[in-house]
Amino acid sequence: MKALQNLFDSIKPNFEKGGKWEKFYTLYEGHRTIAFAPDLVTKAKGAQIKDATDLKRVMITVVIAMIPALIFGILNVGEQHFLAVGETAGFGDKVLFGLISVLPILIVSYGVGLVTEFIFCVVRNHPVSEGFLVSGMLIALVMPPHIPLWQIALATIFAVVIGKEVFGGTGMNILNVAMTARAFLYFAYPAQISGDQVWTYLGDKAAVDGFSGATALGVAYGASTEGTPVVEALASHNAAMGADFSFMNMFMGWIPGSIGETSTLMALIGAVILIYTGVASWKIIVGGFGGAYAMGLLMNALAVNEYMAMPAHYHLVMGGLAFGVVFMATDPVSAAQTETGKWIYGILIGFMTVVIRVTNPAYPEGIMLAVLLMNVFAPLIDYYVVKANKTRRLQRATV
Amino acid sequence: MSKLVKLKKGFDINLAGKAALELADFASAQTFAIKPTDFLGIQRPKVLVNEGDTVKAGTPILFDKAMDQVKYVAPVSGEIVEVKRGEKRKLLEIKILADKETTFEDLGKIDLGKVDRDTLKAKLAESGVWPNLIQRPYGIVANPDDTPKAIFISAFDSNPLAPDYGFTLQGEEQYFQAGLDALAKLTDGKVHLNVDGSKNVPAIFANAKGVEINKFSGPHPAGNVGVQIHHLDPINKGELAWTISPVGVVQIGKLVLNGVFDASKVIAVTGSELTKTGYVKTVTGASVSSFVKGNLNSGHVRVISGNVLTGEKISLEGYMGFYHNQVTVIPEGDYEEFLGWIKPTTSKLSFHKAIGMFSFMNKGEFKVDTNTHGEERPFVVSGVFEKVLPMDILPTYLFKAIIAEDFDEMEELGLYEIVEEDVALCEFVDPSKNELQELVRSGIELLMYS
């Protein structure tokens, strides 16, 4: 390690004031602090010792929590492909196929995002922050498996620049960066990120007879307009191929969808990691699931169409609700930041997701818009929680 | 009514290098110093002595032109050897080479039965014991012209490696009681004596009379007087309370009963880098060199006057702060660590459980150095400060209000109830490594001076 340290030391003068690359000091520092935790010490006054956890470790914890979803996503992309084209394939083939589809997306989202981030750090002269470690992974996981790579690049640039850097960088953004990327594509290039055709990669092969690429949410909505019970429609969907939308299949994630979002189980494993490590707020996660379930029950009670009559627990495993609640809604920067606020914020995300799904045919996937909407409302929620705190203090004074 | 308050929020930092409850045979300190920077709120310090003057314990050395009743006096008798100034002639230290035998200035005993409040205040102010009284809000030296709504004494220190007052104040019972009696005359309200509810209360506190004894239990910062005030009788806008440490109470008691400024006290010499730890009897402002030199495990250390959360870095020949009752020596942390941000560890202390941080499974003592373990970042993680501040205050919003210099918000969010030590744990646990104590002081100064 001494050699690497020496290497850094030897190139350091170039980056210091007066050096030929002094503008790029922040990049030098960014890379050095990834290789080595810095030799900074506490100041003469104030806390003389500091906690061993830093933001890098917090962020990497989130990335690790997403890895089960990523691995499952890679496998499922292969699984869905071979199901659709009607071939039987071994585990290795599925994984290989999945890797070929997913890795380029991951590389583009990280590569483009980091370059954008570096350019901003150099221009604005602020330190390279670790926030994009998480965003880069999230962006890849919420994309359909064969979205054009240039769209990923464009969306990533948009999300990093307009979603984050214009507000001042990591910690300052109003909207969740990855959701901003997805919403950008959703509205700018809807053909590649919505409908029935984008979730399963067929390649140059033809789909087997009777195959439908619709997602569970799409099937549910379609059934409802035809007036057939949603659960039946889900169960009979692609049943001939053994890929029906039973509750269990949807819970496990053997369904078409964005790369990382299909498996509720993997999202829950992520949730366990995040909650156990204390990195994400359990209040938001519990509130999100609880809110969705409660709204599902309310819909059941009203039940004016078949979709509303669908059992409430189906909402929890369909679409990206689980992934969104666990990984997107809990982003501490764009979420509510007061403890009471987190409950309200989580529950409302669950509510909104189900309301958007069931009542709005244009947007079958409710979680994306629900998270973005609540990102915008989070400061308002916090405002009232903070105001209550101030009021308690004021009332105390007059007693 | 005495109160029993159980606190849940907070974090006990279990450091290596505790002092056993016995007096160790350290050589006694030769030189002593008064550091005007210890006294918050001093605006224009003026020195009353010159180098070469001889002083007695209790001879005025310094006063603040903005509050000239209060005198800061020599803790020992001896010769003024140096008046050290820094940039822009800022007064840093006034050093005294101590006599072998301390001679005391005769300040006159105080008959608490007869003395009225104003005379008592004047007496305390000119005798040198006054700076022990700290005013809340702001955490500055109290103004003798004010009358506080109550006086609060925290009878235990919950900071890492902190001295045990039950041990250090042994034999001072009568002085402690006399000090309490004097304090009772300074306020129309109550004198609160807050003891550790999780342990046996030392006799000196349990037998105290004329005070309200409240019990606090829970992890640090349960021993912080600011936290205690918040739960007993919080400070609202326009109100004043005073706080004082038990050591200060004893100093006042010695003035009352003996008529002298006797700043002798027992301090704890602690820290993982010392070969020998223990308690030692010395005097306020002592040079630490006789306790730490030749007593180190390693060469590269940081000597701290006070504890690791709120203390101040001093040199090996440095002097104890006026309010500090311990010296702590820990390793200096100026090293790089390969992949230190992701390496799994059980030996590095962390409040968090992020990936690889297994210190919560390690129930033993930790050896912690001064490395920051990361660089400064904007606030990202939410809800962390709230877990270590047992007050109905929203620290993140308060910090943001100070950064934004929003006066109304600072006031409304409770800056009157907070001083640096109350956010010391927030500063410790912050994954974004912000200097929160410094921030709080800058906010207080904004409120005070503008």
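## A strand pair in chain B

Which residue in β8(B) does B:R85 stand opposite? In this predicted model, the answer is B:L91. Both belong to a pair of strands worth a look: β7 of chain B covers residues 78–85, β8 of chain B covers residues 91–98, and the two run antiparallel with seven bridges joining them.

## The flagged threonine

An unreviewed UniProt entry lists A:T215 under "modified residue: FMN phosphoryl threonine". On the chain, A:T215 sits in the loop between α7 (177–188) and α8 (216–226) of chain A.

Is A:T215 buried or exposed? A:T215 counts as buried, because 28 C-beta neighbours lie inside 10 Å and the cut-off for buried is 20 or more. Setting aside neighbours within four places in sequence, the contacts of A:T215 are A:W199, A:P256, A:G257 and A:G319.

## The nonpolar core

The largest nonpolar core has 251 residues, and the members that touch the most others are A:A220, A:Y345, A:V371, B:V327 and B:L398. Helix α3 of chain A, residues 55–85, gives the most to this core: 14 residues. As background, nonpolar side chains tend to be buried together in soluble globular proteins.

## Where the chains meet

How many residues does the contact take from chain A and from chain B? Chain A puts in 52 residues and chain B puts in 63 residues. On the side of chain A that touches chain B, the elements giving two or more residues are α2 (25–35), β1 (36–37), α3 and α17 (366–398) of chain A. Sorted by class, that side of chain A has 23 nonpolar, 16 polar and 13 charged residues.

There's strand pairing across the two chains as well. β1(A) pairs with β20 of chain B (residues 337–338) in the antiparallel sense, over two bridges.

Note on methods: Residues numbered from 1 in each chain as written. Chains lettered and ligands numbered in written order. Predicted model: local features only at pLDDT ≥ 70, side-chain atom pairs only at ≥ 80, totals over all residues. UniProt positions renumbered as here; feature names shortened; annotations may be inferred. Helix = DSSP H or I, 4+ residues; strand = E, 2+ residues; numbered from the N terminus. Buried ≥ 20, exposed ≤ 12 C-beta atoms within 10 Å, placed from the backbone. Contact = placed C-beta atoms within 7 Å. Pairing = 2+ DSSP bridges. Core = buried A, V, L, I, M, F, W, Y, C linked by C-beta atoms within 7 Å. Nonpolar A, V, L, I, M, F, W, Y, C, P; charged D, E, K, R; others polar.
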